[in-house]
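Please examine the sequence and the model shown here. The paragraphs that follow proceed from individual helices to the core and then to selected residues.

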Amino acid sequence: LWLGLVGILIALAYASHTSSSDPQVLYKWSTAVGVVIQDAILLGLVLAIAGGRYELLAWRRPVALAHAGWTLLAALVGVYVFEIAYSSIAHPGNEQGLTPSHWEPQHAAAYVVNAIVICTWVPIVEETTYRGLGFSLLSRFGRWPAILVVGLLFGLSHGLLVSLPILVFFGCVVAWVRSITRSTFPGMILHGSFNLIALLVAVSVHRS
């Protein structure tokens, strides 16, 4: 059931990627509403698949909090080192087409609300889906197979081509964090931080 759900997400992601992207999407209130509803449905399906076995979601206190903090820092640095190195070769740019090319103050409120959703709600749902339920179900095949498969499926679920290696690497790194801390909470923090930095850079560095 979980693989079927993820398969549908991947198919929908690549199907929607063929349509033209909207660089103004994060300046629209409807985007935040749509993402909240869409991910609420996804979370509901994930909880249904878990069938009350909430331990599969890894919603628990991470082991060794101090160690978890250093692990998060190392993971974030590793992700950016890989992204910079890969981007210098492949030049993916804004392939996803979500971040705007410049700041528009008149739409600031909508952008902030979208940022809050993308940096909190989205990481909670995606980490629960992939590093929570997905990792728990795949861990029977071994720690590293679970890390690699979850990372690959997470990357594919974004429907991108040139940026796929970055997303797969990110997915594997967060799954590695999950395997060390035995919790999805650190991954949610890492995921939210990664999204927040991307949103800040989009409107502060790449101005037209």
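Helices (H or I, at least four residues) and strands (E, at least two) are DSSP runs, numbered from the N terminus. Residues are numbered from 1 along each chain as its sequence is written. The model is a predicted one, in which local features need pLDDT of at least 70 and side-chain atom pairs count only at pLDDT 80 or more, whereas totals for chains, interfaces and linings use all residues; side-chain values use heavy atoms, with hydrogens and water left out.

The description may begin with α1. The expected span of a helix is 1.5 Å times one less than its number of residues. In α1 the buried residues are W2, L5, V6, I10 and A13. These residues lie on the same side of α1, because they cover an arc of only 135 degrees around the axis, the arc being that of the directions from the helix axis to the C-beta atoms. I8 and L12, on the other side of α1, are exposed. The cover over the buried residues of α1 includes α2, α4 and α5, where contact means heavy atoms within 4.5 Å.

Helix α2 may be read in the same manner. Its 22 residues reach 32 Å from the first C-alpha to the last, close to the 32 Å expected at 1.5 Å a residue. Buried in α2 are T31, A32, D39, L42, L43, V46 and A50. They cover an arc of only 105 degrees around the axis, so they are on the same side of α2. On the other side of α2, W29, S30, Q38, I41 and A48 are exposed. The buried residues of α2 pack against α1 and α4. Just after α2, G51 adopts a positive phi of about 60 degrees.

Towards the other end of the chain, α7 has 20 residues and reaches 29 Å between its first and last C-alpha atoms, close to the 28 Å expected at 1.5 Å a residue. The buried residues of α7 include P186, M188, L190, H191, F194, N195 and L199. Packing against the buried residues of α7 are α3, α4, α5 and α6.

The nonpolar cores come next. In soluble globular proteins, nonpolar side chains tend to be buried together. A nonpolar core is here a set of buried Ala, Val, Leu, Ile, Met, Phe, Trp, Tyr and Cys residues joined through side-chain atoms within 4.5 Å. The largest such core has 33 residues, of which W2, L133, F170 and L190 touch the most other members. Helices α1 (2–17), α2 (29–50), α3 (65–90), α4 (108–138), α5 (143–156), α6 (164–181) and α7 (185–204) each supply at least two residues of this core, and α6 gives the most, with 8 residues. Apart from this core lies another, of 10 residues, among them L26, I118, C119 and A202. Leaving aside residues up to four places away in sequence, L133 touches W2, V46, I49, A50, L56, L57 and T128.

Which residues does I147 touch, not counting residues up to four places away in sequence? They are F135, C172, A175, W176 and S179. I147 is found in helix α5 and is buried, with a relative accessible area of 0%. The C-alpha atoms of I147 and R131 are separated by 8.5 Å, although these residues are 16 residues apart along the chain.

R178 lies in helix α6. R178 is buried yet has no salt bridge, and the nearest side chain of opposite charge, E127, is 7.9 Å away. Not counting residues up to four places away in sequence, R178 touches L56, A58, R60, R131, G132, F135, S136, S183 and T184.

One of these contacts, A58, lies in the loop between α2 and α3. A58 has a phi near 60 degrees, a positive value in a residue other than glycine, and is buried, with a relative accessible area of 0%. R182, in the loop between α6 and α7, also has a positive phi of about 60 degrees although it is not a glycine. R182 is exposed, with a relative accessible area of 52%.

Note on methods
Buried < 20%, exposed > 50% of the residue type's maximum accessible area, 1.4 Å probe, protein only. Lys, Arg positive; Asp, Glu negative; His and termini not counted. Salt bridge = Lys/Arg side-chain N within 4 Å of Asp/Glu carboxyl O.
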